[in-house]
Number of protein chains: 2
Amino acid sequence: MKGDQDLYTLQPIASLTMADQVEAQLHEYIIKRAIRPGDAIPKEQELADALGVSRNVVREALSRLRMLGLIDSKKKRGMILTRPDVMKGLERILHPAILDEQVRKQLFELRLVLEVGLGDLIFARKTEVHLKKLDAIVERERKATTQIEKIRCELDFHSTLYEMAGNDTLKRFQTILLPVFEYVVEYESKLQHTSVGSVTHADLVKILYSNNAEEFPNAMRKHLSPHFQHL
Amino acid sequence: MKGDQDLYTLQPIASLTMADQVEAQLHEYIIKRAIRPGDAIPKEQELADALGVSRNVVREALSRLRMLGLIDSKKKRGMILTRPDVMKGLERILHPAILDEQVRKQLFELRLVLEVGLGDLIFARKTEVHLKKLDAIVERERKATTQIEKIRCELDFHSTLYEMAGNDTLKRFQTILLPVFEYVVEYESKLQHTSVGSVTHADLVKILYSNNAEEFPNAMRKHLSPHFQHL
């Protein structure tokens, strides 16, 4: 499996620019030298000398690392390694308009997978405030008269579930994926025969008020079943 | 929720370099002008003129987009928008050694969530070949005598489940997360009182041979319960 992973990071040599190569060397340097967040990394000129490339190329590679949130420039201390922001690269590209139909479909499936599996985090961390928030959304949805209001309630409900899971990385991931979800929800709302899952938002809330985490995954599967039918 | 998402992309102005600003403008340009994969984007010099910045700054911003797999240079055609590789940014930073303890914990939770929810994709796409592969791993695990062999089987088993789900983005995500999983598995294997879930790999395979998708989520929850206890 290590092997599998390494393959993904390989690129045909011909397509690698100088900046690509320097970037790859810097990643390796950081890992191999066990540089830790907060540690300084060598200066631009030192790196250029060590790698035998121009300072411009080094600057370009460092700029990428900065974009990923891997390094930061500190006054007086120069460049230091920072705690990388794991979602920074993702949020720059996940706009549904430029995603391939295939990838969009896969990300939507990923959402289904996440929501079916979300129960244990929610049960471990749910609060009364969260549950009241869900109640209010269900009530708003019941009174909604337009399709737009209903879609808004749908998205609010599911976003609140991620919030309840108390995992910032996961919540952030969902927020980044949201335009993809919105795209699918809007698309499906235009279908003539949109079926509705046999488990409603109100049913899910009832389960969340209980302490029966075991009921959650299959209730969510039923709730999402119209989407699963498109698999 | 749109609002939430926009907030994540905001940065204190003072910390934005010229390249950051040009990069942000290019993202906006691509979305607003509805540029599609395969379409050409303006040349370096044209962009520099339009933005009133040096060509070096434009080159730096373009280099970042290239790193994300958003643009590509084609001989004769100049730069074109490509189908972005959604995992490219992520795989550059997800090395457990440089991740914060908190983020590592959150990514591990994400794994638990994914595996509990994975059932429907697996049931929709499982093949005889996959099931035989799981059988072989279970058999190898039964005969394993060393801790290293057992960990290897553990990772192989779960990786195969992702493979069976037939979703490249998800599989790729798991592959990127693998070093984090390995880290946790190794850590847990050193604990004196590692409890074992009441549902074994062999039990999971039995469920997968059946056509009862409803049993999967709770069986996986029980299988992963020693991890859930750390929540």
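**Stop one: the interface**

Start with the salt bridges between chain A and chain B: there are four (a side-chain nitrogen of Lys or Arg within 4 Å of a carboxyl oxygen of Asp or Glu). For one of them, select Arg125(B) and Glu109(A), whose closest N and O atoms sit 2.6 Å apart. On the chain A side that touches chain B, you'll find 38 nonpolar, 15 polar and 24 charged residues, where Ala, Val, Leu, Ile, Met, Phe, Trp, Tyr, Cys and Pro count as nonpolar, Asp, Glu, Lys and Arg as charged, and the others, Gly among them, as polar.

A quick word on the ground rules: this is a predicted model, where local features need pLDDT of at least 70 and side-chain atom pairs count only at pLDDT 80 or more, while totals for chains, interfaces and linings use all residues. Residues are numbered from 1 along each chain as its sequence is written, chains are lettered from A in the order in which they are written, and side-chain values use heavy atoms, with hydrogens and water left out.

Now show both sides: 77 residues of chain A are in contact (heavy atoms within 4.5 Å) with 76 of chain B.

**Stop two: inside chain B**

Is Thr160(B) buried or exposed? Buried, because its relative accessible area is 1% (the cut-off is under 20%, with a 1.4 Å probe and protein chains only). Beyond its neighbours within four places in sequence, Thr160(B) contacts His130(B), Lys133(B), Leu134(B) and Ile137(B).

Finish at Lys171(B) in helix H10, residues 168-189 of chain B. Lys171(B) is buried too, at 14%. Leaving aside neighbours within four places in sequence, Lys171(B) contacts Ser159(B), Tyr162(B) and Glu163(B).

Terms used. Buried < 20%, exposed > 50% of the residue type's maximum accessible area, 1.4 Å probe, protein only. Helix = DSSP H or I, 4+ residues; strand = E, 2+ residues; numbered from the N terminus.
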